[in-house]
Amino acid sequence: MNTRERILKYIESKNISKYRFYKDVGLSNGYLDKEGNVGSDVCEKISYQYNDLSIEWLITGRGEMLKSEKKPEIKKYNIDDSLSSIVAEPENKIEGETVIPLYDINAAAGMRLLFESGKQNIIDTIKIPYITKSDGAIFITGDSMYPLMKSGDIAVYRQIHSLDYLHYGDIYIVSYSVEGDEYVVIKYVQRSDKKDHLKLVSYNEHYNPVDIPISSVMAIAIVQANIRYNTMT
């Protein structure tokens with residue numbers, strides 16, 4: 001079974017029509033009826049849109065089609081609650097303990113809106129000792145940085161307000177727009193051979209580097225820490 005056949009198996013199991021699938025992922029009608037390999041960029045789009053789908057299974061056929069439904073238990077707050085009792089403002093400090101808000105990026109509908117919405121969409125807080133100033137944390141989806149970072153991990157980030165301050169070679173959360181659609185990825189950011197572009201590079205060898213126009217970047221944040229849940233079944 002190849003990747004195209006696995007996609008068909010997935011959408012059949014979810015009772016999703018091809019038309020809806022094409023619309024959700026942003027593919028042209030009839031894409032799955034064509035011959036040829038499914039590109040890594042398409043697999044990443046599918047993984048981003050359908051969070052329950054295992055991208056390892058999609059690409060290689062290994063493991064289960066759906067990710068484990070076991071998730072870390074998190075406490076949810078009402079936005080009307082007093083936020084002063086939920087989260088402390090992050091402080092620029094090396095020693096001691098910093099309280100970091102954990103955000104729901106799906107509820108915020110993208111990094112740009114997440115940055116603009118301030119303290120909305122907070123689902124929990126994280127305390128990390130000996131870390132410099134951080135703006136927040138989000139759950140990672142997709143496997144483009146696997147096994148260095150995997151889906152379900154938590155990425156702690158600091159927003160970058162100007163691309164002039166990029167440190168090439170580090171890992172960033174990048175929000176960029178393609179034909180009006182926002183994509184949020186976690187990648188190494190490197191210099192591009194193309195003028196006025198950035199090169200986004202995955203750790204996972206199944207994903208090819210992508211060059212994006214600097215003008216398409218809507219928001220960007222450097223990843224400062226990665227928190228992983230190790231569970232036994």
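Buried means under 20% relative accessible area, exposed over 50%, and partly exposed in between, with a 1.4 Å probe and protein chains only. The model shown is predicted: local features need pLDDT of at least 70, side-chain atom pairs count only at pLDDT 80 or more, and totals for chains, interfaces and linings use all residues. Residues are numbered from 1 along each chain as its sequence is written, and side-chain values use heavy atoms, with hydrogens and water left out.

**View 1. The whole protein chain.**
The protein chain contains six helices and nine strands. Helices (H or I, at least four residues) and strands (E, at least two) are DSSP runs, numbered from the N terminus. Of the 233 residues in the protein chain, 41% are buried. Contact means heavy atoms within 4.5 Å. Among contacts in the protein chain with a separation of 6 or more, 59% are between residues 24 or more positions apart. The protein chain has an accessible surface of about 13700 Å², and carbon and sulfur atoms hold 46% of that surface. Accessible areas come from the Shrake-Rupley method with a 1.4 Å probe; for residues, only the protein chains shown count as cover.

Phe21, Tyr22 and Val25 are the buried residues shown in α2. They lie on the same side of α2, because they cover an arc of only 95 degrees around the axis. The arc is that of the directions from the helix axis to the C-beta atoms. Exposed residues Tyr19 and Lys23 sit on the face of α2 turned away from its buried side. The cover over the buried residues of α2 includes α1 and α3. Just after α2 comes Gly26, with a positive phi of about 85 degrees.

**View 2. The largest nonpolar core.**
A nonpolar core is a set of buried Ala, Val, Leu, Ile, Met, Phe, Trp, Tyr and Cys residues joined through side-chain atoms within 4.5 Å. The largest one has 21 residues, of which Phe21, Ile46, Tyr50 and Leu53 touch the most other members. At least two residues of this core come from each of α1 (3-13), α2 (18-25), α3 (40-49) and α4 (55-60). Beyond its neighbours within four places in sequence, Phe21 contacts Ile7, Ile11, Ile16, Leu27, Leu32, Ile46 and Tyr50. A second, separate core has 17 residues, including Met149, Tyr188, Val201 and Val223. In soluble globular proteins, nonpolar side chains tend to be buried together.

Asp153 belongs to the loop between β3 (136-139) and β4 (154-159). Its relative accessible area is 1%, so Asp153 is buried. The side chains of Asp153 and Asn226 are joined by a polar contact of 3.2 Å. A polar contact is a pair of N or O atoms within 3.5 Å; within protein, one must be able to donate a hydrogen and the other to accept it, and residues adjacent in sequence count only if both atoms are side-chain atoms. Not counting residues up to four places away in sequence, Asp153 touches Ile138, Phe139, Ile140, Asn226, Ile227, Arg228 and Tyr229. Ser134 is in the loop between β2 (122-129) and β3. With a relative accessible area of 0%, Ser134 is buried, and its side chain makes a polar contact of 2.7 Å with that of Gln224.

**View 3. Ile212 in strand β8.**
Strand β8 (residues 210-213) holds Ile212. Ile212 counts as buried because its relative accessibility is 4%. From C-alpha to C-alpha, Ile212 and His197 are 5.3 Å apart in space, although 15 residues apart in sequence.
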